[in-house]
Amino acid sequence: MTVFITGASGHIGANLVRELIRRKRPVRAFIHEDTGGVEGLDIDIIKGDILDYPSLVRAIKGSDVAYHLAARISIIGDRRGTVRKVNVTGTQNIIRACQECRIRRLIHFSSIHAYCPFPLDQPVDETRSFSNARSPAYDCSKADGTRKVLEAVKSGMDAVVISPTAVIGPNDFKPSRMGQVLIKLYQRRFIALIKGGYDWVDARDVVRGALLAEERAEAGSQFILSGHWASLREIAEMIWEIRGIKPPRFTASLWLAGLAAPFSEAAAVLRKRKALLTSEALRALRTHQSISRRRAEVCLGYSPRPLKVTIRDTIEWLEKKELLD
């Protein structure tokens with residue numbers, strides 16, 4: 001039966017589509033604009049807008065399972081309100097469409113940011129409360145979208161929630177912000193690194209965990225799919241080991257980086273580019289240092305590959321696609 005995917009051309013989506021093709025499952029991709037991540041693949045591509053409910057219903061009709069990945073990621077707030085519209089209203093639309101078209105199961109992709117990071121001295125797991133109004137706009141939107149899914153489960157819908165940490169890996173066509181960081185490290189474009197780190201998970205491992213959730217999870221289950229915590233310095237040193245590219249010598253404190261963040265955001269606006277250094281990005285590097293994937297390990301048999309393997313494979317893919325020139 002057909003697998004329906006929103007956000008199929010994104011980083012996780014591009015990996016999910018390829019894995020489903022490998023498993024010989026028919027795919028219908030619902031894509032807003034950019035089809036670069038799935039161009040040339042043997043799938044059914046339907047262009048549309050997650051906020052246009054009638055077009056969504058027409059596209060999803062006849063599918064068996066839906067994977068909802070479409071989201072607006074932001075580390076600069078939500079000045080125009082599009083983050084909330086896509087991540088909350090868009091999720092409400094996919095819920096309604098699944099109910100109307102009697103989709104067997106919805107796999108909803110949330111985020112580790114949907115969970116409140118505080119208190120910092122305790123591991124974040126699926127029992128942690130969701131982000132609230134004092135959290136960044138993106139965090140709130142992912143929390144509220146997840147709440148909508150869990151409320152629908154209480155009304156009889158079959159849905160499972162997946163919450164990845166920071167995603168890296170191959171098939172990063174756009175590329176993502178972390179993909180851009182790897183490119184700049186490879187090109188020696190940074191004069192300094194920033195102290196701090198995050199939990200990094202391979203997009204291919206997220207896909208495998210999501211497919212396991214489709215097969216094995218109980219309705220209403222939530223699963224954090226984490227990888228391995230590493231500092232930005234450790235990632236730069238992995239690239240050094242893999243390709244012999246030395247990282248910057250200096251590591252700036254988060255306090256010092258915080259002084260530079262407003263100028264970085266302003267420069268990105270003037271150049272019409274995505275900012276890599278923002279206040280919200282620095283907040284993320286301070287939090288979520290301890291994340292538990294125990295539930296996914298026990299219930300799904302989930303386990304992430306070593307981070308160095310992910311970095312090596314990503315560098316090789318970027319080289320192959322000539323994104324490092």
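Modeller: Contact here means heavy atoms within 4.5 Å. The model is predicted.

Colleague: Of the contacts in the chain with a separation of 6 or more, what share comes from residues 24 or more positions apart?

Modeller: Take the contacts with a separation of 6 or more. Then pick out those between residues 24 or more positions apart. Their share is 76%.

Colleague: How does the radius of gyration stand against the globule rule, and how compact is the chain?

Modeller: The secondary structure comes to 11 helices and 12 strands. For 325 residues the globule rule gives 20 Å. The chain has 19 Å, close to that value, so it is as compact as a globular protein of that length.

Colleague: What percentage of the residues counts as buried?

Modeller: Buried means under 20% relative accessible area. The chain has 325 residues. The buried part is 56%.

Colleague: Is E126 buried or exposed?

Modeller: E126 sits in the loop between β5 (105–109) and α4 (137–154). Its relative accessible area is 8%. The cut-off for buried is under 20%. E126 is therefore buried.

Colleague: Which backbone nitrogen does the side chain of E126 reach?

Modeller: Leave aside the neighbours within four places in sequence. E126 is then in contact with Y115, Q222, F223, I224 and R295. At 2.8 Å, its side chain reaches the backbone nitrogen of I224.

Colleague: How far apart do the centres of the positive and negative side chains lie?

Modeller: There are 51 positive side chains in the chain. The negative ones number 36. The centres of the two sets are separated by 3 Å.

Key:
Residues numbered from 1 in each chain as written. Predicted model: local features only at pLDDT ≥ 70, side-chain atom pairs only at ≥ 80, totals over all residues. Heavy atoms only, no water. Helix = DSSP H or I, 4+ residues; strand = E, 2+ residues; numbered from the N terminus. Rg over C-alpha atoms; globule rule 2.2 N^0.38 Å. Buried < 20%, exposed > 50% of the residue type's maximum accessible area, 1.4 Å probe, protein only. Lys, Arg positive; Asp, Glu negative; His and termini not counted. Charge placed at Lys NZ, Arg CZ, Asp CG, Glu CD. Polar contact = N/O pair within 3.5 Å; in protein donor to acceptor, adjacent residues only side chain to side chain.
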